[in-house]
Amino acid sequence: MSCRNASHAGSWYTENGSELSRQLDLWLSKADLTHGPARAIIAPHAGYSYCGACAAFAYRQVSPVVVKRIFILGPSHHVRLGGCALSSLDKYQTPLYDLIIDKQIYAELEATRQFEWMDVQTDEDEHSIEMHLPYIAKVMEEYKTGFTIIPILVGSLTPEKEAKYGAILAPYLADPQNLVVVSSDFCHWGSRFRYTWRDPALGHIHQSIEWLDRQGMDIIEKMDPRAFTEYLNKYSNTICGRHPIGVLLQAVAKLRGSSGCPKPSLRFLKYAQSSQCTSPQDSSVSYASASLVFE
C-alpha cells in the first residue's frame with residue numbers, strides 16, 4: 001500500500017511515538033468534554049508547541065466509540081486549487097500508527113466529477129491535514145482498526161463552490177458515524193503576513209486581534225455562511241481555513257433545509273494566540289477550537 005510520509009514529524013511535532021502520545025494525553029486531560037459528541041470540529045494546524053493545547057479542546061468532544069469515518073478538510077497552502085483534491089495514496093503515516101484512506105468514499109466523491117487528485121509532492125508538502133493526524137490517531141487508538149479517513153484538500157473556493165461542496169458533503173455530515181475535521185488557524189497578524197488591521201479603540205494590538213477573531217467566531221457559531229463571507233470581505237481576516245469552514249457551514253445549511261434534521265449547535269471552546277502583539281513590529285497567529293453537535 002502506498003503511504004504518505006509524516007513529513008512534518010520531527011519539526012512541527014515530535015517524531016517519537018511514545019513522547020507524542022504522552023503530550024497528546026496531557027493536553028486532552030486538561031480539556032473538558034462540554035459539547036459532544038462532535039459531528040464536526042474546527043481545530044488549528046500549527047506546530048504543536050503553539051496550538052497543541054488549544055486543539056485538544058476540539059478533540060476532547062469526539063466520541064471514538066461512534067466514529068467510523070473521519071473527513072479531514074484542510075486548506076491548500078502551497079498549490080493553487082480552484083476546487084478540492086483527494087489523495088492518490090492508500091494510507092497516511094503517523095508516529096503512532098498508520099491511518100487508512102477510505103477508498104469507497106473516495107470513489108463516491110470521484111463520481112461527482114468535482115474532485116481533482118493531488119500528487120504525492122503536494123500531499124507531503126501540505127501541513128494542514130497532517131497536523132490533525134496524530135490527534136485523530138490518539139483519540140481513536142482503542143478503535144484503530146475500526147475507522148478510515150477521507151482527506152480532502154480545499155482550494156480557494158468561491159461562495160458558490162463552497163455551497164456546491166457543502167451540498168456534496170451534507171449527507172456524510174448527517175451520518176452519526178462520520179466526523180468532519182475542519183483545519184484552520186485564525187488571524188495571522190503582522191507585516192510578515194501582510195495583515196496589520198487594528199482598531200486603537202479596542203486597546204492593545206492583541207486585544208484588537210481577539211475582537212476581530214471573535215466577531216468571526218460568533219458568525220460561525222450562528223452557522224450563517226453568507227454572513228461569514230460578508231465578514232471576510234469586510235475585514236479580510238487572514239483565517240487560512242476560511243474555505244473549509246465555508247464548506248462546513250454550507251453543509252449545515254443544506255441539512256437545516258431538509259425535513260427531520262436534528263438541531264445543529266456549534267460552539268467555540270478555546271481561543272489562543274501564539275504571542276500577544278503590543279507593537280507594530282510584532283506578529284502572531286490565532287487558534288480556535290470548536291465543536292458541532294446535533295441535538
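Reader: How many bridges pair strand 11 with strand 12, and in which sense?

Author: Bear in mind that this is a predicted model. Strand 11 (residues 264-273) is joined to strand 12 by nine bridges, in the antiparallel sense.

Reader: Which way does strand 2 run against strand 12, and over how many bridges?

Author: Strand 2 (residues 40-43) is antiparallel to strand 12, with three bridges between them. Ala40 has Leu292 as its bridge partner there.

Reader: And strand 10, how does that pair with strand 12?

Author: Strand 10, residues 188-189, is antiparallel to strand 12 over two bridges. Trp189 is the bridge partner of Ser284 in strand 12.

Reader: What holds paired strands together in general?

Author: Backbone hydrogen bonds, whether the strands are parallel or antiparallel.

Reader: Back to strand 12. How many of its residues are buried?

Author: 11 of the 11, covering residues 284-294, so strand 12 is largely enclosed by the rest of the structure.

Reader: Which residues sit on each side of strand 12?

Author: One side has Ser284, Ser286, Ala288, Ala290, Leu292 and Phe294. The other has Val285, Tyr287, Ser289, Ser291 and Val293. Every one of them is buried, so both faces are covered.

Reader: Now strand 8. Buried or exposed?

Author: Buried: seven of the seven residues, 148-154, which means strand 8 is largely enclosed by the rest of the structure. Thr148, Ile150, Ile152 and Val154 are on one side, with Ile149, Pro151 and Leu153 on the other.

Reader: Is strand 3 parallel or antiparallel to strand 8?

Author: Parallel, with seven bridges between strand 3 (residues 69-75) and strand 8. Phe71 pairs with Ile150 of strand 8.

Reader: What about strand 4 and strand 8, parallel or antiparallel?

Author: Antiparallel, with three bridges joining strand 4 (residues 84-87) to strand 8. Leu86 has Ile152 as its bridge partner in strand 8.

Reader: Different topic. What is the strand order in the open sheet of three strands?

Author: The order is 1-5-6, and the pairing is mixed. Strand 1 (3-4) and strand 6 (99-100) are the edges; each has a single partner strand, so one side of each has no neighbour in the sheet.

Reader: How do strand 5 and strand 6 pair?

Author: Strand 5, residues 91-92, is antiparallel to strand 6 over two bridges. Lys91 is opposite Ile100.

Reader: On to helices. At what angle do helix 6 and helix 9 cross?

Author: Roughly 60°, with the axes of helix 6 (residues 159-173) and helix 9 (residues 242-256) coming within 7 Å. The two helices are therefore oblique to each other. Their crossing is right-handed.

Reader: Which residues make the contact?

Author: From helix 6, they include Pro159, Glu162, Tyr165, Leu169 and Leu173. From helix 9, they include Arg242, His243, Val247, Gln250, Ala251 and Leu255. By class, the contact has 12 nonpolar, four polar and three charged residues.

Reader: Ala251, then. Buried or exposed?

Author: Ala251 belongs to helix 9. With a relative accessible area of 3%, Ala251 is buried.

Reader: What does Ala251 touch?

Author: Leaving out residues up to four places away in sequence, Ala251 touches Gly166, Ala170 and Leu173. The C-alpha atoms of Ala251 and Ile168 are separated by 7.8 Å, although the two residues are 83 residues apart along the chain.

How values were computed:
Residues are numbered from 1 along each chain as its sequence is written. This is a predicted model: local features need pLDDT of at least 70, side-chain atom pairs count only at pLDDT 80 or more; totals for chains, interfaces and linings use all residues. Side-chain values use heavy atoms; hydrogens and water are left out. Buried means under 20% relative accessible area, exposed over 50%, partly exposed in between (1.4 Å probe, protein chains only). Helices (H or I, at least four residues) and strands (E, at least two) are DSSP runs, numbered from the N terminus. Two strands pair if DSSP finds at least two bridges between them. Axes are lines fitted to C-alpha atoms, for helices over the stretch in contact, and angles run from 0 to 180 degrees between N-to-C directions. Angles under 35 degrees count as roughly parallel, over 145 as roughly antiparallel, 65 to 115 as roughly perpendicular and the rest as oblique. A crossing is left-handed if the near helix is turned anticlockwise from the far one by less than a right angle, and right-handed if clockwise. Contact means heavy atoms within 4.5 Å. Ala, Val, Leu, Ile, Met, Phe, Trp, Tyr, Cys and Pro count as nonpolar, Asp, Glu, Lys and Arg as charged, and the others, Gly among them, as polar.
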